[in-house]
Structure formats: structure tokens, C-alpha cells
Amino acid sequence: MRIFWLFSFMLFLCFSLATAQNINPAAVDVSALSEGQIMQLITEMQKRGMNEDQALALARARGVSEEQITLLRQRIESVLADQGGSRSASSDLELESGLSSDFLFGGDELFSTKSFFIPSAEEERLFGFSLFNSENLSFQPNANYPVTEAYVIGVGDEFRVDVYGASQQSYVMIVDKNGQIRIPNVGPVGVGGRTYGTAKELIREKLSLIYRDLVSSAPETFANIQLGAVQPISVSVIGEVFAPGTFNLPGAATAFNALFLSGGPNIKGSFRDIRVMRNGKVVHRLDVYDYLVNGNGAVDVPLQNGDVLMVPTYKQRVRVGGEFIRSGIFETASGETLDKLIEYAGGFNEQAYRNRVELYRNTGRERMVKDVFPEDFSKLVLQNGDSIFVGEILDRFVNRVTLNGAVFRPGTYELGEGMMLSDLLEKADGLREDAFVERGLIMRRNDDLSLSNVSFRVGDVVSGQDDIVLKREDVVQIFSIDELREERSVSVKGEVQRPGSMGFREGMTLGDLITLSGGFNELASESYIEVTRRLSYEEAEEPGSHTAHLFQFNIPRSLALSSKDAAFELQAFDEVFVRRAPGGIKEGTVRISGEVNYSGDYALVKKNERLSDLITRSGGFTAEAYLDGAMLTRPIRLTAKENRLREFARAQNEGGDTELMDFEVVGVDLKRAMNDPGGRDDIFLRDGDELVIPRRNQTIQVGGGVLNPLSMPYVEGRGVKYYVKNSGGFALRSKRNRTYVIYPNGSAGATSNFLFFRSYPKVTPGSEIVVPQKPDRDPLPVTAWIAIGSGISTIALTLATLINSL
């Protein structure tokens, strides 16, 4: 039922809209319109940019009688007064009587909108394309365009005349189909086809027949004559445009308005010879380039109803690329020269090489290139299909030298005529205090562009004993002392807050270095600090067994300046070692979990703490503890080399099933450890150890080379064969003599073989029986069997031959 009512409502809505769009304006009863519909008319007027008089003039042009127009004006003023001047309408009253604002403004848009099209990349390169396809240009037709004196009056245009002064009177007159307006007490006045300026003078002349004071030498009566509503015009745009068609435009529209709606000339169209045709004759020719390049607004001429804009095909086009301000596709007029094209392209940019332009031209059979020099720019006449290109200037300097290093103002300098190296140093405000004066370098580019070095003594140049003439692109390097010696540093290692290396300073003492490293930590020994010092150059020259000097010191934690050892002066590259106190062992922690009374983390309080000690501290076992299944795991601590090998192995195994673990399992017998504290099985604990004591597990897991791997209940006294049999027995490719058992504590038991006797390991609760399998092998192909057979036959034949010979 709901679907039926919805369908009925949609039919009613469609019928109402169709009715509203086919309303005869002359048959509308304005008195029957609701306030909501009047408000809708007011809103539509505001949206279209029209005032009240313009809207009523439009209604008059659509056939609404004067009586209904007068009543409509009264209704609009009454509704605005009731609404306090507000012009916001209620859209939900639109279907109140099946009538909308269409009777006044029409069911369609009054003016045409811009046509939609998708230009190609080539079309977007056309010079002038953006003029008619930019959202920021005001060529979109607008009803509020001002009317110029050259506007030609047409049918439906409205004149508003206000007479003021000694006499007062207002007239609103519409141009009828005969091109006439009617002035009361004067009669018809033919204004159709006249320009706006001429029509105003004619109306003023006719009004002077009534108001003689208008033309007196000292008038006291005046007349203001202006156009109110302007009747829309219809203009056709044809030829090579993106969207040819007929467009509705405001009466004051121009040629550019129509071209804007059509998208302008396309890739085949001309920008230089657009024709405005009226009554079959060309009345104007538009050159869009005159507007684009010179800003000549006179190019954009006003249109009249019925005008046709014809865009013909282009005659000549030239492509412009390279270092111009504008690049793209340009249209040239017959006889235009290269200098004019350069003007269209905006001239050369700052990177352009201006002494030569490359011209590529079609000869009709093949292509040719021509060099054009500046003196020929005004002589070279362009042809259709020409391409113009301008390259960049060279990325090099004719008078540059560079100064780097230990001077006060390093950088790039101008190379003057006969400039010397001393002049350059003087321009840079001289050498810095750390300059190395024994040697400097000039990196020079030779005439054949090869590189060479020119060495000089900096001190001699500064003192005037020597000097060098500089050349273009020379790079002068003045070294500093620090650049020519190894970076000096000292390092501290061991029990300080911030161990590491730091820059060496003259006068740095041992106490200074320890202070800069944050001082001692709690485990540092004050009485055992070592300093190692490399051998001097002279000492290293002599062969010997010593490779460094060793110093030992005692420094108080207060780092007092009075301490003789703390005042020991360091040298560059010294290494300081702060040892840990003998009893300063960092405490470690172990973890115990599972079936103990107090599981968790425990600190190692002595070096020789054992398993039994940890069990005692954790309160002993619970009633459910299964000691045979206890497992101890220990972190693997690797050297840097071992870590690299492990990472390499992990990378090689990427995507495989093997996972490299960072811990190891330590097989322990907890029963023996508890029965014999301090014995062989009561092992010492290490930092990071974790002891897990499980609950008794009553299942056995069988896997590997059996027919049906599974878990099954533990049966007291049963061995490996029993559990394998209950798993379906050994598989075809199983290795029976390699069967092994993994116990809950991580240890394993293997099968022992002696002659024809095989002894399997014992099975305990929670164990896992693993039967290895032989690897799969690909069957031998037929060719391999043939080769084997051939080999056997050869051997047999050889043996037979040997037997016969014997």
C-alpha cells in the first residue's frame, strides 16, 4: 500500500512540474498567487541580478497585461512590507498551486551557460586558449553588464525616463515589434535599430514638445533617460570552435562573451580573423592577439540579435619553444616577421641566449634549419609550419674565482684584469689565525679544460716574496692547521656515567675528563684507573716491544683539584679506563614459574646461587609439581661477530621454517638437584635464567614418520613401540633406528643399536616421540635407467672378453 501512495505522489509531482513549465503568462491571475509564490518571485529576481522594474518589464515582454503587472507590483511591495524587507523565500511553498516563478522567468535559464568540452594538451598550448577558458576572466554573460552608447536598440528593450525640476513625471516604455516606444501626449517614437546614444537624443527632442523648458537657455526642467531591462539576444557561433551553437546572451553582450560560451577557437581555428556577420555581411573582423598583446579593448565589439560569429581555419601557425617568456603555438598573419612573433611570445627570458635563434622550416620536401641573428629578426618573414627555438646561456662565468678555507671571508669573487693572488687574499680580509702557511693550492682549469694544481707557500704570498696571476675559474684553497692533522680526541671507558670519545683540549686533565663524562658510577673503583698513551713519532721510529705507555692513578670520588693524580695532564689520543670495584658485581635476576608456592622474579644475591637455593626461596613445590618435566632456559649472549653470523643465517633462511632462538635449553634433573644440594645436578644460576616447573602431563605426543601422528594418554610401563603402534605404525620412509624421545625438561634420549638388537629410550609422562623420515627423492627418468643398463651391458661385455682371453 505504501508503494502505491509513493507512486501516486511521484505522478502528481511530475504533472505539477510539467504544468508549471507550460504556463501561459498572459493567463496568470496574479491575485490568486500565494504569499509563498510571491516571495519565490522576489528570490528569483535577486538571484538573476534584476531589480523590480526589470522583472516587471520582462513580464510585460512575455505577454502579461498592464493590469496584472500593476497588481503584481502591489503584491510584491505588500509582501516585502510584511516580511520587513527580507528577500529570503520559503522553497517549500513552491507547489502550493502548481505554479512556480516560471511564468515570469521561463522554465529554462534565461541566458546560455558555457559549453563543456575536454581540450587536448595540444589545444591548451594555443596562445589565446586561456582567454576563453579561464574561470578568472569575466567573459561569462551577465544581465547587469552596463550598456554603452553604441548599443543598438532592439525589440523588448525598456526605456525609463524621469522628468524632474519644475515639472515631474516618470515614464516606463517598452520597444514594440515595430521598433517604437509610445510617449503619452507625444505618440510613437521610432528607436529600433538606432544606437543608445542616438535614441536618447531623439527621445529628449520629442519630450521637448511637452516640456519646452528642457531646451531653453536656462532650463529648470530636466530629463534623465536610461535603459532599464534589455532584451536578451540570440547569437550563433560557427566554424572552428570547441562547441559551436546558438547562445542566448544579454542585450549588452559582446563578441568575447559569445566566444567564451563556445570555448573559443580550437586547434584548427583562427584567432586573427574572427568575423562578425550581420544580415549576411561581415561587419567586423576581430584580431584576438591585438587584445592579448596590446590590451586593445576596441577589439571586443557589441553584438546584436541574430549576429553570427564565424571562426575560419588558421592560415599560418608557428611553434615557439625554449627560453621565451611564453611558449606554445602562435598564429601569424601574412607578412609578419620574427620580431613580431618574439613580441607575441613576451620576449626572451633571463636565461635566453639572445645572439642566435634556431629556425626549423618545412621546404615542402624535407626540413631545414636556419640560424637567425638579431639583425635579421625584422627581416625574416615567417611561414606556416615554422618552429622557433632559443637555447640557454652557458652555465659558466667569464670572470669568477673562488676562495675557500682559512680566510675571514671565503666565497666567490670577481676576477679583475691582472688580478694577483695577494689581491684576492686582501679582498677576503686576510688569513685566519689557524691558517696553514706552508702550503696552499690553486685548482686550475687549463685552456683544453683539463685540470691542474698550482702549489704555493701561503706565507710567501702574504709577505710579498711571491705572487701568482689568477685565471678564470681558479679555486684557491687555504688549509687550516686542524685540516692537516688527525682529529684529536680522548676517550674514557668503563664505570663512568657517559663513556665515549670527546674532543681534546689543551690543558685537559684526568679529573676534567671524568667530570665531562658525568663522574664515576656506583661500581667504579677509585684506586684502579689506567691511562694508555700512544708512542710519540720519535719513539715509534725505533723498534721495540712496547706499543704504548701505561699510567695508573687513584682519584677520589670528589674529583678534588688538590689531588695530584686528578691533575695529571692528558695528551691527544689518550685512553682512560675506569675499572669496576672487585666486589661491584651488578645484581642479576632469575625467574621461576609454574608449580611453586611463590613464583616470580628473584634477585641473585650471591655469585654461587644454585637451583636448590632458588627452590627454597620460592617456598618449595606444590602437590601438582612434575619435577621430571622441569625446564631451565638461559639467554644466549653472543659476541659482535656471532651476532653478525646469526643475522646472516637469519637472512639466508628468510621465508623458511627454521627460527633462530635467542635462548638455549639447559637439561636439568631437578629431583637429583634437590636430593643432593650442592652436587653435580644442582647447577649455578646466571642472570636471565628462567626455571619452569610444569604440572604433571598425562599425554604422549607421537610425530614424524608414523602413519597417524597424534597425542595419546600415558600408560605406565609402555615403551616406544606401543605408542608408535597406536599411531598406525612406522611410515614407509621412516628411519626406525633413529627414533628419539624429547623429555619435558628439554633433554632427549636416542635409540641405541647393537648388531640386530635395538633399544628404544624410556618414555615418561609429557614426552614427545619423534620418528625421523628419509628425504623424498625424485624418481630416475627413463634416460637414466637406459644409461645404467648401457653401463651394465658394457661391464658384462668387458668381463666376458677378459674371461675368453684367459
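In the predicted model, L338 is in contact with V357, V372, F377, L380, L382 and I388, when residues up to four places away in sequence are not counted. L338 belongs to the largest nonpolar core, a set of 51 residues. Together with L303, L309 and I388, L338 is among the residues with the most contacts inside this core. Helix α8, spanning residues 255–262, supplies the largest share of the core, namely 6 residues. In soluble globular proteins, nonpolar side chains tend to be buried together.

Helix α8 was examined next. Of its 8 residues, 8 are buried, so the helix is largely enclosed by the rest of the structure. The buried residues are A255, F256, N257, A258, L259, F260, L261 and S262. They pack against both strands and a helix: the strands are β6 (233–239), β7 (245–249), β8 (274–278), β9 (281–286) and β10 (308–311), and the helix is α9 (288–294). S262, which lies in α8, has a relative accessibility of 0% and therefore counts as buried. Leaving aside residues up to four places away in sequence, S262 touches V237, V241, F242, A243 and F247. After α8 comes G263, with a positive phi near 90°.

Helix α4 comprises 17 residues, 66–82. From its first C-alpha to its last it reaches 24 Å, close to the 24 Å expected at 1.5 Å a residue. The buried residues of α4 are Q68, I69, L72, R75, I76, V79 and L80. These residues lie on the same side of α4, because they cover an arc of only 125° around the axis. An α-helix has 3.6 residues a turn, so residues three or four places apart point the same way. On the other side of α4, the exposed residues are E67, A81 and D82.

An alternating arrangement of side chains is found along strand β5, residues 221–227. T221, A223, I225 and L227 point to one face and are buried. Strand β5 pairs with strand β1 (residues 158–165) in the antiparallel sense, over 7 bridges. Within this pairing, T221 of β5 is the bridge partner of G165.

Strand β11 (residues 317–322) has two pairings to report. With strand β12 (residues 328–331), β11 pairs in the antiparallel sense over 4 bridges. The bridge partner of R317 in β12 is E331, and a hairpin of 5 residues joins β11 to β12. With strand β15 (residues 387–390), β11 pairs in the parallel sense, over 4 bridges. In that pairing G322 stands opposite V390 of β15. Strand β15 includes the position of I388, one of the core residues with the most contacts and a contact of L338.

One consists of 5 strands in the order β17-β16-β20-β18-β19, with mixed pairing. Its edge strands, β17 (411–414) and β19 (451–456), each pair on one side only. The twist from one strand to the next averages 25°. Inside this sheet, strand β16 (residues 400–405) and strand β20 (residues 475–480) run parallel and are paired over 4 bridges. V476 in β20 is the bridge partner of L403.

The other sheet also has 5 strands, in the order β27-β26-β30-β28-β29, and its pairing is mixed. Strands β27 (600–603) and β29 (663–666) stand at the edges with a single partner strand each, so one side of each is left without a neighbour in the sheet. Neighbouring strands are turned against each other by 25° on average, direction ignored. Strand β28 (residues 631–635) and strand β30 (residues 690–693) run antiparallel and are joined by 3 bridges. Here M631 stands opposite V692 in β30. Strands of a sheet pair through backbone hydrogen bonds, either parallel or antiparallel.

Note on methods
Residues are numbered from 1 along each chain as its sequence is written. This is a predicted model: local features need pLDDT of at least 70, side-chain atom pairs count only at pLDDT 80 or more; totals for chains, interfaces and linings use all residues. Side-chain values use heavy atoms; hydrogens and water are left out. Two strands pair if DSSP finds at least two bridges between them. Axes are lines fitted to C-alpha atoms, for helices over the stretch in contact, and angles run from 0 to 180 degrees between N-to-C directions. Buried means under 20% relative accessible area, exposed over 50%, partly exposed in between (1.4 Å probe, protein chains only). A nonpolar core is a set of buried Ala, Val, Leu, Ile, Met, Phe, Trp, Tyr and Cys residues joined through side-chain atoms within 4.5 Å. Contact means heavy atoms within 4.5 Å. The expected span of a helix is 1.5 Å times one less than its number of residues. The arc is that of the directions from the helix axis to the C-beta atoms.
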